[in-house]
Amino acid sequence: MKAAVYHGPRDVRVEEVAGPSLDPGEALLKVMYCGVCGTDIKTYRRGHPMFEPPCILGHEPVGEIVEVRPGQSAAAAGCVSAGDVVAVAPYVPCDNCRLCLKGRQEMCSSKAGIAGAFCEYIRVPGEVLAKGVSRLPEGLSPRVACLAEPIACCLNAIEAVPFDPGDSVLISGAGPMGLLMLELCKARGAGTIFVSEPSETRRAEAERRGARVIDPGDGDAGHQLKALAGGDGTDAAFVCVGASDALESAIASVRPGGRVNLFGGFPGGSRVTLDPNTIHYGEVTLLGSFGFAPRHFHMGMRLLASGRLDVAGLLTCEFSLDDVVLALDTGASGEALKVLLRMNGHE
Ligand SMILES: [Zn+2]
Ligand SMILES: [Zn+2]
C-alpha cells in the first residue's frame, strides 16, 4: 500500500510499504480522509520526542471497515462490520492503571492505539474497536468527522475548566484548535467570548463566529482584555497557542478565582514569567489539558452529528496522499485552517 513515511524533519516521502496484517479480533480500515494535526505539522517542522523516524504520522482517520478478523477480543465483538464507515480514535485507555482508576483516562500509562494513518490501510486493534470507534451517523460527512479527535481534545479541556452559561471566556489563538474551541464554548453557553490572535484573517474568522477580537500586538493584551471584560477579567481562559506571552496575558486577564487552561503545547525549553501573587491572592487556577478520553471522542461525534457546530468551514484545504508534503507545508504556513489528506482515490 501507499504510505507517507516520516524520515525526519522536513523529510516525508510517499512510499510503497507492506499493508497491515490482522490478528484475531482486529479490523482493517481503508482510510478515506485523515486530518493533518498541529502535532503532525510540528513533527514535520522540527521533530517530536513521541515520533521516532521512520514512522507514519496522522491520527485523525475516517474510513471504511473492509475486514473484521473473527476470533478473540470479546470486548470488540460486534462493534463494527465490514462496510461500516467510521471515525477511529487514535488511542484508548486501559481503564485499569492508576491514572485510569483516578478518572484520568486521557493520561493512561498503557494506552492501546493505531499506527499512523497517512496511508491507505490501518489495523484497528480490538481495544480500539471496543472503545474508540464510532460509526458515522446518517448525513455526517466523512471529512467533517475527521474533526472528532481535535474536538475530543477541546472537550477534555472544557471539562477541566467547566465554566457556567453566560460566563466570559478568553481564547488565545484562532488557529483550527482555537476556532474549534470557540464553537464548543458557544455550544456550552459561554457569554462574551474574547479571542486574542495576531493574524488579521484569523481574527476576522473568529469575529464572524461571534467573538470579540483583540490583536495581542496592540500593547498589553492582559490589561486590554481585563478592561474589555468589565474591569474584573474573564471567568475562564483557554490558551490554544504555544507562546509564553499568550499564557502570561491569559493569566493577567482572568478575574479573581478565574481559571486558565494551558491547551497548546510549547516548544521545548519555553519559560513563562508569572506573578505568584496573582495565583495566591487572586485564587487563579492554572491547569493543563492534553489529549482525550473515549467519552470526549464519542461526545464529539454526537455534537458533530447534531449539526450545532459551525465547523465545515474550518476545512479549508485538501490534498491527496501523493501531495502530503504540500499538505504539511500548507499547514505549516499558517495560511490554511484545517488541512485534510484524502486516500484511496476519494474526491
Ligand atoms: Zn489531532
Ligand atoms: Zn490506563
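Predicted model: local features only at pLDDT ≥ 70, side-chain atom pairs only at ≥ 80, totals over all residues.
Where the two domains meet, the contact takes eight residues from domain 1 and seven residues from domain 2. According to the domain assignment, domain 1 is made of two stretches of the chain, 2-147 and 311-342, whereas domain 2 is given as 154-288.

Taken as a whole, the chain has a secondary structure that comes to 12 helices and 18 strands. The radius of gyration is 20 Å, close to the 20 Å that the globule rule gives for 347 residues, so the chain is as compact as a globular protein of that length. Along the principal axes, the C-alpha atoms fill a box of roughly 60 × 40 × 40 Å, and buried residues make up 49% of the 347 residues. If one takes the contacts between residues at least 6 apart in sequence, 70% of them join residues at least 24 apart.

One part of the fold that can be followed strand by strand is an open sheet of six strands, which lie in the order β13-β12-β11-β14-β15-β16 and whose pairing is parallel. The edge strands, each of which pairs on one side only, are β13 and β16, and the twist averages 20° from one strand to the next. At one end of this order, three bridges join β12 to β13, and here Val195 stands opposite Val213 in β13. Helix α6 lies across β11, β12 and β14, and runs at about 175° to β12.

| Strand | Residues |
|---|---|
| β11 | 169-172 |
| β12 | 193-196 |
| β13 | 212-214 |
| β14 | 234-239 |
| β16 | 285-288 |

A further element to look at is helix α11, which covers residues 294-306. How far apart are the end C-alpha atoms of α11? They are 18 Å apart, which agrees with the 18 Å that its 13 residues should span at 1.5 Å a residue. The buried residues in α11 are Pro294, His296, Phe297, Gly300, Met301, Leu303 and Leu304. After α11 comes Gly307, whose phi is positive, near 75°.

How values were computed: Residues numbered from 1 in each chain as written. Chains lettered and ligands numbered in written order. Pairing = 2+ DSSP bridges. Helix = DSSP H or I, 4+ residues; strand = E, 2+ residues; numbered from the N terminus. Axes fitted to C-alpha atoms, helices over the stretch in contact; angles between N-to-C directions. Rg over C-alpha atoms; globule rule 2.2 N^0.38 Å. Buried ≥ 20, exposed ≤ 12 C-beta atoms within 10 Å, placed from the backbone. Expected span 1.5 Å × (residues − 1). Domains from an automatic or database assignment.
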